[in-house]
Amino acid sequence: MQPLFNLPFMKKPAGRNEGQAGQKEEASAAAGEPEPTDDEVRLRLFRLIIDRYRDKLEEYETKSVSDLKSLVQPRNDKILQVREVLLEDFHPYVYEENFLSAAKLVFSHVSSFRTISAPVSFWLEFSEMYELMAGDEIDKSILLCSILRSLGSENAKVFVTDTKNSYVLFQFAGKSFVADHSQKEILEKPTGAEALECLKGKILYSFNDKEYEDFQEGE
């Protein structure tokens with residue numbers, strides 16, 4: 001099988017023969033150093049590539065205000081597909097009667113995804129999240145907010161804080177709710193102000209597909 005990457009350091013050094021390679025492997029084994037597996041070597045290679053091009057990757061992944069708003073997509077095909085599956089128990093689904101139960105079901109679904117941070121700033125698409133069944137906190141918040149918006153919530157928003165935590169806040173039947181990924185729970189609060197007090201750290205910004213608010217303006 002040909003290697004995935006034909007890089008210079010993968011070529012055998014001039015003058016090195018199989019006997020020399022075998023002697024080195026024997027010396028490593030004698031020293032108690034296990035040979036790395038193919039997966040371990042491949043992971044090291046990927047890390048080297050990421051580190052070399054980190055600045056370019058993060059520059060490409062930088063989002064403007066309008067870009068952030070566009071990440072919440074209640075009409076995305078994947079979101080609508082997931083919505084239909086999650087609402088199979090509601091026949092028919094009536095927002096005024098079923099939204100809160102559906103929202104808790106959706107949160108439980110999104111909480112089943114692993115929380116994994118990428119080594120660089122990187123935004124996952126919904127299809128990629130479902131392929132991995134994973135994402136970082138803000139990926140999961142954007143997914144949750146998109147589904148809640150598709151369920152009829154006009155006020156569901158993603159909130160991001162300076163502790164790198166993210167939350168989804170929404171209101172229903174006169175109460176406020178905070179979806180906290182780090183604690184895997186939905187907190188119920190009587191007012192929006194009390195809901196905001198639950199967030200860890202200082203709020204940087206909030207957004208959904210309709211609006212964006214910068215909490216740092218005027219500082």
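The model is a predicted one, in which local features need pLDDT of at least 70 and side-chain atom pairs count only at pLDDT 80 or more, while totals for chains, interfaces and linings use all residues. Residues are numbered from 1 along each chain as its sequence is written, and side-chain values use heavy atoms, with hydrogens and water left out. Helices (H or I, at least four residues) and strands (E, at least two) are DSSP runs, numbered from the N terminus.

Helix α5 spans residues 77-86, and its axis comes within 10 Å of that of α8, at a crossing angle of roughly 65 degrees. That makes α5 roughly perpendicular to α8. On this scale, angles under 35 degrees count as roughly parallel, over 145 as roughly antiparallel, 65 to 115 as roughly perpendicular and the rest as oblique. Axes are lines fitted to C-alpha atoms, for helices over the stretch in contact, and angles run from 0 to 180 degrees between N-to-C directions.

Helix α8 has 14 residues, 137-150. From first C-alpha to last, α8 reaches 20 Å, close to the 20 Å expected at 1.5 Å a residue. The expected span is 1.5 Å times one less than the number of residues. In α8, 14 of the 14 residues are buried, so the helix is largely enclosed by the rest of the structure. Here buried means under 20% relative accessible area, exposed over 50%, and partly exposed in between (1.4 Å probe, protein chains only). Just after α8, Gly152 takes a positive phi of about 110 degrees.

Cysteines were also examined. Cys145 is buried, at 0% relative accessible area. Cys198 is partly exposed, at 22%. The structure holds zero disulfides, a disulfide being a pair of cysteine sulfur atoms within 2.5 Å.

Six strands form an open sheet in the order β6-β5-β4-β3-β7-β8, with antiparallel pairing. Strands β6 and β8 (212-214) stand at the edges with a single partner strand each, so one side of each is left without a neighbour in the sheet. Neighbouring strands are turned by 25 degrees against each other on average, direction ignored. Two strands pair if DSSP finds at least two bridges between them. Strands β5 (residues 175-180) and β6 (residues 185-189) pair over five bridges in the antiparallel sense. Four residues lie between the two strands.

Backbone angles came next. Most residues other than glycine have a negative phi, and most peptide bonds are trans. Lys184, in the loop between β5 and β6, has a positive phi near 55 degrees. Lys184 is exposed, at 57% relative accessibility. Lys164 has a positive phi near 70 degrees. This residue lies in the loop between β3 (157-161) and β4 (166-172). Lys164 is exposed, with a relative accessible area of 77%. The peptide bond from His91 to Pro92 is cis, with omega near -10 degrees. Pro92 lies in the loop between α5 and α6.

Helix α6 (residues 95-111) contains Leu105. Leu105 is partly exposed, at 33% relative accessibility. Leu105 and Leu87 are 18 residues apart in sequence, and their C-alpha atoms are 9.1 Å apart in space.
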